[in-house]
Amino acid sequence: MSEIPFESKIFGIPLPEALQTAKGYSFVNENNDQQKTEKELKDTEVPLIVLRCIEYIEKHGLCEEGIYRLSANQTELKSLRDKFDSGKDVNLEEEHIDINCITGVLKSFLREIPDPLLTNGLRLEFAQAACNN
C-alpha cells in the first residue's frame, strides 16, 4: 500500500486536511481493475478513510443487521484507527475485520471532525432547502 506523503493523523483533523489523504491514490476493485485514476482522485471531495470504509460496507455489510447501531470490539477498533492514523493506505479486504469495526471507525472519523459537515455558514440554506421539499 502507498505511504501518505504528509502528517499521518486522520482522526480529529479538519475536513479539508482529511481530503488530502485521497489525492493521488488508485482504488482497485475485487477484479484488480483500477476503479479511479489519479486525476479522478485529485478531484475527489471524500477523504480516503471514508472511501475505503464505504467501499467495504457496500461490498460486505449491506445484508448485515444493525451495522451502524451495533458496537465494535474496542481492541479491533483501536487497531484499525491506528492503521488509518499511521499514514498508510489501509486495504480492508486483507484485514478481515468485522463489519461493525469498519462502521465504528467511520462513525468515529465523522464524529471527530472539528467542524460540522453541515456548516453553520450554510445553515439557513440547508433549512430553506428542507422547507422547499
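Predicted model: local features only at pLDDT ≥ 70, side-chain atom pairs only at ≥ 80, totals over all residues.

Q: At what angle do helices α4 and α6 pack?

A: To describe a pair of helices, look at the angle and the distance between their axes. Here α4 (residues 74-85) and α6 (residues 99-112) pack at about 60 degrees, and their axes are 9 Å apart. Angles of 65 to 115 degrees count as roughly perpendicular and those under 35 degrees as roughly parallel, so α4 is oblique to α6. Their crossing is right-handed.

Q: Which residues make the contact between α4 and α6?

A: On the α4 side they are Glu-76, Leu-77, Leu-80, Arg-81 and Phe-84, while α6 brings Cys-101, Ile-102, Gly-104, Val-105, Ser-108 and Glu-112. Sorted by class, this contact has six nonpolar, two polar and three charged residues.

Q: Which residues of α3 are buried?

A: They are Leu-48, Ile-49, Val-50, Leu-51, Arg-52, Cys-53, Tyr-56 and Ile-57.

Q: Is Ile-13 buried or exposed?

A: Buried means under 20% relative accessible area. Ile-13 has 10%, so it is buried. You will find Ile-13 in the segment before α1. Beyond its neighbours within four places in sequence, Ile-13 is in contact with Ala-18, Ile-113 and Pro-114.

Q: How far apart are Ile-13 and Asp-115 in sequence and in space?

A: They are 102 residues apart in sequence, and 9.0 Å apart in space from C-alpha to C-alpha.

Technical notes:
Residues numbered from 1 in each chain as written. Heavy atoms only, no water. Axes fitted to C-alpha atoms, helices over the stretch in contact; angles between N-to-C directions. Helix = DSSP H or I, 4+ residues; strand = E, 2+ residues; numbered from the N terminus. Parallel < 35°, antiparallel > 145°, perpendicular 65-115°, else oblique. Left-handed = near helix turned anticlockwise from the far one by under 90°. Contact = heavy atoms within 4.5 Å. Nonpolar A, V, L, I, M, F, W, Y, C, P; charged D, E, K, R; others polar. Buried < 20%, exposed > 50% of the residue type's maximum accessible area, 1.4 Å probe, protein only.
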